[in-house]
Amino acid sequence: VQLQASGGGLVQAGGSLRLSCAASGSIFSINNMGWYRQAPGKQRELVARITSGDSTNYADSVKGRFSISRDNAKNTVSLQMNSLKPEDTAVYYCNADLKVSSGWPVQRFWGQGTLVTVSS
């Protein structure tokens, strides 16, 4: 199983970016999908998460600015980021809690990370 993230880049404060992440390989089912971020010198933190039933939760710092969505048919998860701030600068990682087979336990897989830089 591989998760491939894309969409990072450099943007000015107040701008927008859309991150995407596609899961591929031997996948039986996907439960939660989400985005984390890690800024320099800081711990990785949850940004947003979406369940298989499309319930969502967000970090307080991004509520009202970021929106997470998923396409179950394509095994993708996206993060629309609006009104970006310099403090949103970080490497963003997608993840998926999934089963590779019906008899296997749920495992967490991570994407490779994509850098988002917001200039002031």
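**Cysteines, strands and one arginine**

Biologist: Is Cys21 buried or exposed?

Modeller: Cys21 counts as buried, at 1% relative accessibility. Buried means under 20% relative accessible area, exposed over 50%, and partly exposed is in between, with a 1.4 Å probe and protein chains only. Keep in mind that this is a predicted model: local features need pLDDT of at least 70 and side-chain atom pairs count only at pLDDT 80 or more, while totals for chains, interfaces and linings use all residues. Residues are numbered from 1 along each chain as its sequence is written, and side-chain values use heavy atoms, with hydrogens and water left out.

Biologist: Which cysteine does Cys21 join to in a disulfide?

Modeller: Cys94, with the sulfurs 2.1 Å apart. A disulfide here is a pair of cysteine sulfur atoms within 2.5 Å, and the structure holds 1 of them. Cys21 lies in strand E3 and Cys94 in strand E9 (residues 90-99), so the pair ties together parts that are 73 residues apart in sequence. Strands are DSSP runs of E, at least two residues, and helices are runs of H or I, at least four, numbered from the N terminus.

Biologist: What about Cys94, buried or exposed? And which hand does the disulfide have?

Modeller: Cys94 counts as buried too, at 0% relative accessibility. The torsion about the S-S bond is about 55 degrees, so the disulfide is right-handed.

Biologist: OK, switching to the sheet. What's the strand order?

Modeller: E1-E3-E8-E7, an open sheet of 4 strands with antiparallel pairing. Two strands pair if DSSP finds at least two bridges between them. E1 (2-6) and E7 (66-71) stand at the edges with a single partner strand each, so one side of each has no neighbour in the sheet. Neighbouring strands are turned by 15 degrees against each other on average, direction ignored. For that, axes are lines fitted to C-alpha atoms, for helices over the stretch in contact, and angles run from 0 to 180 degrees between N-to-C directions.

Biologist: How many bridges join E1 to E3?

Modeller: 5, running antiparallel, and E3 covers residues 17-24. Cys21 shows up again here, as the bridge partner of Ala5.

Biologist: I'm curious about Arg18. What is it in contact with?

Modeller: Leaving aside neighbours within four places in sequence, Arg18 is in contact (heavy atoms within 4.5 Å) with Ser6, Gly7, Ser69, Ser78, Leu79 and Gln80. Arg18 lies in E3 and is partly exposed, with a relative accessible area of 43%.

Biologist: Which side chain makes a polar contact with the Arg18 side chain?

Modeller: That of Gln80, at 3.2 Å. A polar contact is a pair of N or O atoms within 3.5 Å; within protein, one must be able to donate a hydrogen and the other to accept it, and residues adjacent in sequence count only if both atoms are side-chain atoms.
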